[in-house]
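Have a look at the sequence and the model, then read on.

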Amino acid sequence: MVLAGLIAALVVALLGALALGPYPLALADVGRALGRLFGVGDGAVTPGEIVLMRVRLPRVAADVLVGAALAGAGAAYQTLFRNPLVSPDILGVATGAGLGAVAGILLSLPVAGIQGLAFVGGLATVALVYLIAAALRGHDRTLVLVLGGVVVGALAGACISLVKILADPYDQLPAITFWLLGSLAGVKLADLAVAAPLVVAGLVPLVLYRWRIGVLSLGDDEARSLGVDVVRLRGGVIAAATLMTASVVAISGVIGWVGLMIPHIARMLVGPNFARLLPAAMVLGASFMLIVDTVARSIARVETPLGILTAVLGAPFFLWLLARGRKTWG
C-alpha cells in the first residue's frame, strides 16, 4: 500500500517536472508530445513539444535514473554497514569520480571522455579501499572499509584541489566547479543509454540477493549461522552499489545527501526489511530528484546546481539523525 502511494507520488512529480520550468508547458502539450512519442497524434509539432522532447524529457529521465540509483545504493550501504548515517560516499566513490572528471576537464577531453574518467575514477577508488581492507586482515572488516574510504576520499579530495590550482582559471576552473556541484543541464539520451544498463547491472544482484542482504543487518555471526557467505556477499553488495553510484555520478556530477536522506525516510515508511526498503527507496529517490531538479531550474534565471539544494536539505536532516541516534534502527 505504501509503495503504491509512492508510485502515485512519482507519477505526479513526473508530470510536474515535464510541465514546469523556465519554459512552462501546458499539460495538453505534455500529453500530445508523449502521445507522439508512442506513435499517436498528428498535425504540426508545437514549440512546446520540441522543448519537451529534445530538452526536458531526457533531463526528467535522468532525474529518475540518478535519484533511484543513489537512493538504492544508499539503502544497500546502510543495510550492509548496519548504520543509517552511511551513504554511497562512505567508500569514496563520489570523490573518486570527481577526481576522474576534473582530470578529464584539465586534459580538455570531450564530454564522453570526462564521463568515462569519472566512472573509472569512482570504481578505482572503491577498489583501492577494498584492497586496503583485504591487506589489513585481523581487524574489524567493516571498520577498516569505512576508515579506508575516509582516507582514500581525503586523498582524492586533495588531488582535486591540486587540479583546481593547475586549471585555467578562466575556462577550466569554472567547468570543474560546476561539475563538482552537480547538474543535469547537459544530459542527453546518449548519456542515459550508457548509464542505464550499468545501473540495471548493479541493481540485479541487489534484487536477487535481497533476502541475504537483509540478513546482514542482523550481524555477521547471525548471517553466518543462517548460511550466508558474509565476505563474498559483502563484496558483491559493495561492487553492485558502487557500480550504480559511479554510473550516475559520471553523468550528473557530485550530488550529495540523496543516498543518506532518502533510504532513511523510506525505512521510516516501510521498515528495515531490505526487500521492501529497496524499491521504496528507489521510487522515493526518483521523486525527490524530480522535485529538486524542477526547483533548481525554476527558482532563478540562472540554474541552481543540484548539489547546493540537496546540501541545504541534507545538512539539517543529518543533524536530526544524529540527535535521534540509533533509536529507530533495526
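A word on burial before anything else: buried means under 20% relative accessible area, exposed means over 50%, and partly exposed is in between, using a 1.4 Å probe and protein chains only. This is a predicted model, so local features need pLDDT of at least 70 and side-chain atom pairs count only at pLDDT 80 or more, while totals for chains, interfaces and linings use all residues. Residues are numbered from 1 along each chain as its sequence is written, and side-chain values use heavy atoms, with hydrogens and water left out.

**Salt bridges**

The structure holds four salt bridges, each being a side-chain nitrogen of Lys or Arg within 4 Å of a carboxyl oxygen of Asp or Glu. Three of them are listed here.

| Pair | N to O distance |
|---|---|
| Arg59 and Asp293 | 2.8 Å |
| Arg59 and Glu303 | 2.5 Å |
| Asp229 and Arg232 | 3.8 Å |

Salt bridges with shared partners tie Arg59, Asp293, Arg297 and Glu303 into one network.

The salt bridge between Arg59 and Asp293 links distant parts of the chain: Arg59 is in helix H3 and Asp293 is in helix H13 (residues 274–296), 234 residues apart. Helices here are DSSP runs (H or I, at least four residues), numbered from the N terminus. Both Arg59 and Asp293 are buried. The salt bridge from Arg59 to Glu303 spans 244 residues, with Glu303 in the loop between H13 and helix H14 (306–324). Arg59 has a relative accessible area of 8%, whereas Glu303 counts as partly exposed at 23%.

Where does Ser183 sit? Ser183 is in the loop between helix H7 (172–181) and helix H8 (189–208), and is buried at 11% relative accessible area. The side chain of Ser183 makes a polar contact of 3.4 Å with that of Glu303; such a contact is a pair of N or O atoms within 3.5 Å, where, within protein, one must be able to donate a hydrogen and the other to accept it, and residues adjacent in sequence count only if both atoms are side-chain atoms. A polar atom of the Ser183 side chain also lies 3.1 Å from the backbone nitrogen of Ala185. Leaving out residues up to four places away in sequence, Ser183 touches Phe178, Ile251, Ser252, Glu303 and Leu306, where contact means heavy atoms within 4.5 Å.

**Helix H12**

Helix H12 (residues 258–270) has 13 residues and reaches 18 Å from its first C-alpha to its last, close to the expected 18 Å, which is 1.5 Å times one less than its number of residues. Ten of those 13 residues are buried, so H12 is largely enclosed by the rest of the structure. One of the buried residues is Ala266, with a relative accessible area of 0%. Gly271 follows H12 and has a positive phi, near 90 degrees.

How values were computed: Helices (H or I, at least four residues) and strands (E, at least two) are DSSP runs, numbered from the N terminus.
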